[in-house]
Amino acid sequence: MKPWLRQTALMLSISAILAGCGGGSSSSDSSNSSSDSNVTDEENDSNEGKPDFDSLVLPSSSFNLNPMLPPSNNFDLSRWYLGVPIDLDNNGKSDSIYEKELQNGYQVEDIFYTADDGGMVFKVGVNAPKTSTNTSYTRTELRGMLRAGDTSIKTQGVNKNNWVFSSAPSSAQAKAGGVDGVLNATLAVNHVTTAGDKYQIGRVIVGQIHANDDEPIRLYYRKLPNNSKGSIYFAHETRNGSEYWYEIIGSRSDSASNPSNGIELNEKFSYQIKVVGDKLTVTIVRLDKTYVSKTIDMHGSGYDDAEQYMYFKAGVYNQNNTSDDSDYVQATFYSLSTDHN
């Protein structure tokens, strides 16, 4: 463990989380305690249940970013594509900027660009083209592409573009582009929505693992208008449709009080999403070098199936579609990396 890290204990049970989250809900943001799932919340002393300390990045680090360069000159974006909330080809969906174009200096004003401090800015409004007709919310978001521009490899499927859990069959592991994974990011959330339906105000997803159709994790930042600090929590979706919610900092409640240990807008923090087998660990690192970490056991969630593939996502995925046209979410990233076995 790096000497600068000091752990803050976080021990919550699923029953306590589900009973204590409070607030409004919707079909896309609701607690479910289905007994069909074997998801458990645990403290685990094995390496698979701990953060990857060697790759964690301090939010107080010097990132040596050049504000005069496009994002791809400060970040390696060769293994990502970008979904942007514009529709230049008039196909009714948001545009996708694939690996080679993205790595070749792509940026777009007021949506995806380099900040004055060299950070990589993601911004999206409330009303804009979406990725599909089935998507409720707008996004400016990266999607992992392990194929690194090799278009002979399909985007979807258990193949060299995507990764699988090590709990998947060995045949799937052999076909995949990676086994298990770690996503590390340092960022500051600059703005969240301030109006709209109560259950949607102030929330944005800043990191994900996406499977074929479901999301093993969606990592949220949320700040309510009357609070000076925001909360961080995540959702785990199982393949049978159940969702489980885990609060890491503060509360996800629609009426949450100002979290004393919350994160302010424009405050840098780092997150890590790590999967080893069926163990999912989420870690938040603060400017004062403390961290909070949460591990859950995804056994029974259905992602150990031979046909299930994974990819990381990072950026801003707005979770409010009821505010006015001038409202938006924005985050600036200062580091972003992934690793797989």
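This report describes the fold, the nonpolar cores, the aromatic rings and a few individual residues of one protein.

The model is predicted: local features need pLDDT of at least 70, side-chain atom pairs count only at pLDDT 80 or more, and totals for chains, interfaces and linings use all residues. Residues are numbered from 1 along each chain as its sequence is written, and side-chain values use heavy atoms, with hydrogens and water left out.

## Overall structure

The secondary structure consists of four helices and 19 strands. Helices (H or I, at least four residues) and strands (E, at least two) are DSSP runs, numbered from the N terminus. The protein has 341 residues, of which 58% count as buried. Buried means under 20% relative accessible area, exposed means over 50%, and partly exposed lies in between (1.4 Å probe, protein chains only). The protein exposes about 13,700 Å², and carbon and sulfur atoms supply 43% of this area. Accessible areas come from the Shrake-Rupley method with a 1.4 Å probe; for residues, only the protein chains shown count as cover.

Contacts show how the chain is folded together. A contact means heavy atoms within 4.5 Å. Among contacts between residues at least 6 apart in sequence, 68% join residues at least 24 apart.

## Nonpolar cores

In soluble globular proteins, nonpolar side chains tend to be buried together. A nonpolar core is a set of buried Ala, Val, Leu, Ile, Met, Phe, Trp, Tyr and Cys residues joined through side-chain atoms within 4.5 Å. The largest such core has 62 residues, and those with the most contacts inside it are F112, Y271, L280, F333 and L336. Another core, of eight residues, lies apart from it; V158, V164, V179 and Y311 are among its members.

Beyond its neighbours within four places in sequence, F112 is in contact with residues including P71, L77, L82, L102, Y106 and F122.

## Aromatic rings

The structure holds 15 aromatic pairs. Rings of Phe, Tyr and Trp (its six-membered ring) pair if their centres lie within 6.5 Å; planes under 30 degrees apart count as stacked, over 60 as edge-to-face and the rest as tilted. Two of the pairs are set out below.

| Pair | Centre to centre | Angle between planes | Type |
|---|---|---|---|
| F53 and Y291 | 5.7 Å | 70° | edge-to-face |
| Y220 and W245 | 5.5 Å | 50° | tilted |

F53 counts as buried because its relative accessibility is 10%. Y291 is likewise buried, at 2% relative accessibility.

In the other pair, Y220 lies in strand β12 (residues 217-222) and W245 in strand β14 (residues 243-249), so the pair ties together parts that are 25 residues apart in sequence. Both Y220 and W245 are buried.

Ring pairs also link Y106, F112, F122 and F333 into a cluster.

Two arginines are placed over tyrosine rings. A charge sits over a ring if NZ of Lys or CZ of Arg is within 6 Å of the ring centre and within 35 degrees of the ring normal. R139 lies over the face of Y317, at 3.8 Å from the ring centre. For R143, the charged end sits over the ring of Y311, 3.5 Å from its centre.

## Individual residues

T114 belongs to strand β5 (residues 112-114). With a relative accessibility of 12%, T114 counts as buried. Its side chain reaches the backbone oxygen of L69 at 2.6 Å. Not counting residues up to four places away in sequence, T114 touches N66, P67, L69, P70, P71, N74, Q107 and G119.

I97 lies in strand β4 (residues 95-97) and is buried, at 6% relative accessibility. I97 and G83 are 14 residues apart along the chain, and their C-alpha atoms are separated by 6.3 Å. Leaving aside neighbours within four places in sequence, I97 is in contact with Y81, L82, V84, L102 and Y106.

Most residues other than glycine have a negative phi. A148, which is not a glycine, has a positive phi of about 55°. A148 is found in the loop between β7 (139-144) and β8 (163-164) and counts as partly exposed, at 35% relative accessibility. N266 also has a positive phi, near 70°. The loop between β14 and β15 (269-276) holds N266, which is exposed, with a relative accessible area of 53%.

Key:
A polar contact is a pair of N or O atoms within 3.5 Å; within protein, one must be able to donate a hydrogen and the other to accept it, and residues adjacent in sequence count only if both atoms are side-chain atoms.
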